[in-house]
Number of protein chains: 2
Amino acid sequence: MASGIVSEDSEEFLVQLAWLYFVDGMTQSEIAERLGVTRLRVNRGIGLARARGLVRVEMASPFAAALDLQARLVERFGLRFARVGLADRGADDGHQAVGAALAYFLEEGLARNAWGSIGVSWGLTIENAIRALKPRSLPELEVVSLIGGTVSGLRFNTFGVAANLAQRLGARHSVLPAPIYFETQAMAEAVMASRPFHEQIRKAEEADLAILVTGDLSDRSFLVRDGLPADVTAEDLARAGAVGDLLGQFLDAEGRPIDHPINRRVVGVPVARLPAMREVVLAAAGPHKVPVIRAQLGAGLAHGLITDDVTAELLLAA
Amino acid sequence: MASGIVSEDSEEFLVQLAWLYFVDGMTQSEIAERLGVTRLRVNRGIGLARARGLVRVEMASPFAAALDLQARLVERFGLRFARVGLADRGADDGHQAVGAALAYFLEEGLARNAWGSIGVSWGLTIENAIRALKPRSLPELEVVSLIGGTVSGLRFNTFGVAANLAQRLGARHSVLPAPIYFETQAMAEAVMASRPFHEQIRKAEEADLAILVTGDLSDRSFLVRDGLPADVTAEDLARAGAVGDLLGQFLDAEGRPIDHPINRRVVGVPVARLPAMREVVLAAAGPHKVPVIRAQLGAGLAHGLITDDVTAELLLAA
DNA sequence: CTGTTAGCGATACAAGTGTATTTTTTCCTT
DNA sequence: AAGGAAAAAATACACTTGTATCGCTAACAG
């Protein structure tokens, strides 16, 4: 019902608002008066412009705030690099901060033209990062999915994530047109072995950059909550020794895939291939994810880590 | 209170503030509490971070708001392009809006690598634009002064402008090490004819982009207020038919240099050479500048115009 | 030792902002 | 044409921000 609250949400209007507010520093009531609309409209419009990523705040050296944590992470886990943003300790979803940190990391690399193809999975973190990215036109770049998608139309579906990121960057994209999990191991193997899938997965494995996310086994994980096949529960996985997932594959505390059918029904780049990839970064934060992250970093599954200060402290604490 | 709190205006502190405020959306009091400083400090720090250009708001398609005005300016004055920002009609100095517009224009071109060298003069507008620019590293780029500088240490002195812009862009720069006006015509001619000056001016004339500003004859013009030689007054110039200046040279209502000694005592690229330059843009706004701008555009002294909506309307009104 | 001054913290307050609630308008249906 | 639903406007209010003011303290010169 409450679908289109702000009706006059044309880009032109929003750009006007943004200009008058952020560039000229006019007050919302002044703008409302000048444009002949209500202050409410202005207020909502400005919010909308930010939410849509039409205006972004860029920061000169965003990672200057946590230099020490970054250095200690690199040292401790033998990483190539680490980037840590500052979390809002009040809000319980650290996605905001990590998303922004991931975006700044991507901006750096994109400015250097460091990657010809980028592999992504899914999740709120990436979704947030996309919005914080500056729109570009990079027709040479290709965004590839590292993993299948869910059937249900979740907004952070892999298909959507790859498409949105590609659109933001003016790049091409390709996905793995399959569910994350097949009903049976046989079906998954058959599909993965077929020509087009084989080639697509290979393309994913050859991406210049892979952006990984991870989830734990709690209800806070979207994969656990909505993405698991009907016949598998989080309890099953915990009993089999899992602490969380990477690319839909469930890993134990040492970062090894657990011995459970679900790991053989998955469609995506196998975790075992990650160490051979060119550049793999893990973007994850939240106290509940600390064990999973530590497992994955310990197993050498990522070259770089992007997280927030709270998570970084916890990772270093043990 | 914690021990190692960075309580000065260090970049690290400001970046922390900016991150917590703009990325995490925390309130100023929350930030103050978390960092163990007073809210006042946070408030001022955030302002400082903006003023220093440490955080910038970028906007997706900044010139979408005034498409029609731009088209009409191009049509009316036979320009290659026009960019118009939205002025705050309350504030009487339009420098904010034009500065931002100029910055967006430069961002466009810099992203395309459109220029190998950029010529600048001086003024508040350019100063504002520099702060709104994203820092870069373009060691191949050279910023050159199109004009001499003032003796007094005005902060928008040409020398400073060229140096600041170059620093922001990570570029080299060179200036015309002379005052704008010499005491006598003979001195000016002698200097301009000397080898190093001759070469420097030639380099300026060959710049890929020239950014011009202009002033009228009122007290609002910094050149008139502080930059004129002691023996010349604005009244003299007005009597000689001047309506304003371009590169320190005073022009009449048709855009022709007036016949007055001051125009022969100036150190800089002669206005007459502008039409032969590759790309010349005039960045100027304000109702009081309308006659000068119109004169200059009428005489074909610029290929492009960067201004604000108020000025654009007035230019088109006549 | 004392008076002066610069700077910071505390307090206060006016203005600005984000959101919830109620009223009005508009437009569609019957 | 009347009734009803949905959108926009008006109203209200709690909270946030920016700035002015006062008073304390510490540094410093005489």
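**Figure 1. Strands S8 and S9 of chain B in the predicted model.** Strand S8 (residues 244–246) of chain B pairs with S9(B) in the antiparallel sense, over three bridges. Here strands are DSSP runs of E with at least two residues, helices are runs of H or I with at least four, and both are numbered from the N terminus. Two strands count as paired if DSSP finds at least two bridges between them. B:Asp245 stands opposite B:Phe250 in S9(B). The open sheet has three strands, in the order S7-S8-S9 (chain B), with antiparallel pairing. Strand S7 (214–215) and strand S9 (249–251) of chain B are at the edges. Each has a single partner strand, so one side of each lacks a neighbour in the sheet. This is a predicted model, in which local features need pLDDT of at least 70, side-chain atom pairs count only at pLDDT 80 or more, and totals for chains, interfaces and linings use all residues. Residues are numbered from 1 along each chain as its sequence is written, chains are lettered from A and ligands numbered from 1 in the order in which they are written, and side-chain values use heavy atoms, with hydrogens and water left out.

**Figure 2. The sheet of chain A.** Three strands form an open, antiparallel sheet in the order S7-S8-S9 (chain A). Its edges are strand S7 (214–215) and strand S9 (249–251) of chain A. S7(A) is joined to strand S8 (residues 244–246) of chain A by two bridges, and the two run antiparallel. A:Thr214 has A:Leu246 in S8(A) as its bridge partner.

**Figure 3. Protein surface around DNA strand C.** Chain A contributes A:Tyr21, A:Thr27, A:Gln28, A:Arg39, A:Leu40 and A:Asn43. From chain B come B:Thr38, B:Arg39 and B:Arg41. A residue is near the strand if one of its heavy atoms lies within 4 Å of it. Sugar and phosphate make up 58% of the atoms of DNA strand C that come within 4 Å of the protein. Helix H3 (39–51) of chain A and helix H3 (39–51) of chain B each supply at least two residues of this surface. H3(A) gives the largest share, three residues. By class, the surface has two nonpolar, four polar and three charged residues. Nonpolar covers Ala, Val, Leu, Ile, Met, Phe, Trp, Tyr, Cys and Pro; charged covers Asp, Glu, Lys and Arg; the others, Gly among them, are polar.

**Figure 4. Side chains at DNA strand C.** An N or O atom in the side chain of A:Gln28 is 2.6 Å from a phosphate oxygen of DNA strand C. A:Arg39 instead has a polar side-chain atom 2.8 Å from a base oxygen of DNA strand C.

**Figure 5. Relation of chains A and B.** A rotation of 180° with 0.0 Å of shift along its axis superposes chain B on chain A (RMSD 0.1 Å). That is the relation of a two-fold axis. Superposition is by least squares on the C-alpha atoms of residues with pLDDT of at least 70 in both copies. B:Val57 comes closest to the rotation axis among residues of chain B, at 2.1 Å (C-alpha). Of the interface residues of chain B, 100% are also interface residues in chain A, so the copies meet through the same surface. Contact means heavy atoms within 4.5 Å.

Conventions:
A polar contact is a pair of N or O atoms within 3.5 Å; within protein, one must be able to donate a hydrogen and the other to accept it, and residues adjacent in sequence count only if both atoms are side-chain atoms.
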